[in-house]
Structures are given as C-alpha cells and as structure tokens.
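Me: I would like to go through a protein model step by step. Could you show it to me?

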Amino acid sequence: RILAAWEPYNKLTDAQKALLANEDILIAAVEKYNNLEKEITELSAEMNSLNPSRITLADKYEVEGFRARYAALDEYQKAAFDTGVYQKLVDSETKIAQLEARKARIDAVIAKIEAIGEVKADDASDAKINEARNAYDALLDQTEKDEVTNYNTLLAAEAKFTDLVKAGAVSALIAEIGNVTLESEDAIIAAEEAYEEAREIEAER
C-alpha cells in the first residue's frame, strides 16, 4: 500500500505535492517502513554470524538477546525474515539446551561425590559411594566423565571403604579366636588367611 501511494507521489510536481492534505501521513509511513526494514536487515546480519556447531554456554546471553529482538518484531517483519538465518537461531538454542543438560549431569555427579564425606564401614557410606559411582557410570561418554573434577575422590572413597570392610572382617575373625587352646587352630587360620588376603589387595594397588 505504501508503494502504491509512493510511486505516483514521486511523479507529482512540487506544486502538486503542496496541494496534498495528507502528505505528512505518507512521509511518516515511508519512514516507519524503512525503519522496520532496517531492523530486519540489521538483526539478520548479526544473527547470521551464529555458528550452531561452535556454540558454547558462553554464547547463551547473546543467543537470548537475538531471541528477544526477534520476538519483538511484528508478524510482517517475521514473515519477511530470512528463514535460513532464523534456523541458525533455533539450532543455537537447541545446542545451548543440550550443553546445559550436559553440564547439569556432570555437576550432579560432582555433587554426589562431594556428598560422600568421611568414609566409614557402614551402610550410609556404602549407599553414598554406590550412588556416586552409578551416576558417574551413567554419564553419556568419556568426555563427560573427564570433566568430573573430583573423580579421584570417588576412587579413594571406594578404596577406603573396601579397606575398612576388610579390616572389620579380619578384626571380627581375630575376636573369635578368644582364649587360645588346641581347638583354636581353625579360628587362627581363618584370621591369618583373611589378614594375608587384605595385605595382598593392598600390595596390588
């Protein structure tokens, strides 16, 4: 509609234009149209710099800014927007969502390992260690596992728990020896074997 009025308007002489009662409406419409078109052009040029395959979480706020600016466009501007450039925005948002989910998985494992705390030979420590181990093993790939910064803490906790359980078992067998008599041989042998097994396990580390 603007162009339909603008083309014949430009063909008028200055004297004829001076006779128009609503010239200012056309001028304002053309100016607004140019501004709207400029918004599309500028946003499209900036958004076109997005590379979804290289997006990181550091780009999140920039992508959110593009989404906000696109959302502010009217329906006609959106209809005129380059679909290929818009797809870059959608793909970038998808990538960020995937990266956030990935970070959440890794952070959850780190938190479970931190929650192990002091290791004791009890069910509570056993449950915490198993929960942390299961969460770590459930990570999607080795690159995620490599980002678990306190994995060595989990390994140390597992080793210590095993040591405590073994030591407790040996201690219980020693306690069963009681007063040594000729009938204590089996209890002594059992305690010695358990003790040697624990030493062998420790030597293998």
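Reply: What follows is a conversation about this predicted model, beginning with the overall fold and ending with individual residues.

Me: How many helices and strands are there?

Reply: The chain has 10 helices and 0 strands. Read along the sequence, its pattern is α-α-α-α-α-α-α-α-α-α.

Me: What share of the residues counts as buried?
Reply: Of the 205 residues of the chain, 22% are buried. The chain exposes about 14000 Å², and carbon and sulfur atoms supply 53% of that area.

Me: And the contacts, what part comes from residues 24 or more positions apart?
Reply: Among contacts with a separation of 6 or more, such residues account for 62%.

Me: Let us turn to helix H6. What span should it have?
Reply: Helix H6 covers residues 83-114, which is 32 residues, so at 1.5 Å a residue it should span 46 Å. Its end C-alpha atoms are 46 Å apart, in agreement with that expectation.

Me: What is found at the start of H6?
Reply: There, a side-chain oxygen of Asp82 comes to within 2.8 Å of the backbone nitrogen of Gly84.

Me: Which residues of H6 are buried?
Reply: They are Val85, Leu89, Ser92, Ile96, Leu99, Ile106, Val109, Ile110 and Ile113.

Me: Now the largest nonpolar core. Which members touch the most other members?
Reply: This core has 15 residues, and those touching the most other members are Val109, Ile113, Ile116, Ile129, Val148 and Leu154. H6, helix H7 (123-137) and helix H9 (151-177) each supply at least two residues of this core.

Me: What is Leu154 in contact with?
Reply: Leaving aside neighbours within four places in sequence, Leu154 is in contact with Ile113, Ile116, Ile129, Ala132, Arg133 and Tyr136. There is also a second, separate core of 13 residues, which includes Ile40, Val63, Phe66 and Leu89.

Me: A change of topic: how many salt bridges does the whole structure have?
Reply: A search of the whole structure finds 10 salt bridges. One of them joins Glu42 and Lys38, with the closest N and O atoms 3.8 Å apart.

Me: Where do Glu42 and Lys38 lie?
Reply: Both are in helix H3 (residues 23-47), and because they are 4 residues apart, about one helical turn separates them. Glu42 is partly exposed, at 37% relative accessibility.

Me: What about Glu100 and Lys60?
Reply: Their side chains meet in a salt bridge of 2.7 Å, N to O. Glu100 lies in helix H6 and Lys60 in helix H4 (residues 60-71), so the pair ties together parts that are 40 residues apart in sequence. Glu100 is partly exposed at 33% relative accessibility, and Lys60 is partly exposed at 24%.

Me: Which residue does Glu131 meet in a salt bridge?
Reply: The side chain of Glu131 meets that of Lys112, at 2.8 Å from N to O. This pair links distant parts of the chain, with Glu131 in helix H7 and Lys112 in helix H6, 19 residues apart. Glu131 is partly exposed, with a relative accessible area of 42%, and Lys112 is partly exposed with 28%.

Me: One more residue, Lys128. Where is it found?
Reply: Lys128 is in helix H7, and it is partly exposed, with a relative accessible area of 38%. Not counting residues up to four places away in sequence, Lys128 touches Ala115 and Ile116.

Me: How far apart are Thr153 and Glu114?
Reply: They are 39 residues apart in sequence and 8.1 Å apart in space, C-alpha to C-alpha. Thr153 is located in helix H9 and is partly exposed, with a relative accessible area of 44%.

Technical notes:
Residues are numbered from 1 along each chain as its sequence is written. This is a predicted model: local features need pLDDT of at least 70, side-chain atom pairs count only at pLDDT 80 or more; totals for chains, interfaces and linings use all residues. Side-chain values use heavy atoms; hydrogens and water are left out. The expected span of a helix is 1.5 Å times one less than its number of residues. Buried means under 20% relative accessible area, exposed over 50%, partly exposed in between (1.4 Å probe, protein chains only). A polar contact is a pair of N or O atoms within 3.5 Å; within protein, one must be able to donate a hydrogen and the other to accept it, and residues adjacent in sequence count only if both atoms are side-chain atoms. A nonpolar core is a set of buried Ala, Val, Leu, Ile, Met, Phe, Trp, Tyr and Cys residues joined through side-chain atoms within 4.5 Å. Contact means heavy atoms within 4.5 Å. A salt bridge is a side-chain nitrogen of Lys or Arg within 4 Å of a carboxyl oxygen of Asp or Glu. Accessible areas come from the Shrake-Rupley method with a 1.4 Å probe; for residues, only the protein chains shown count as cover.
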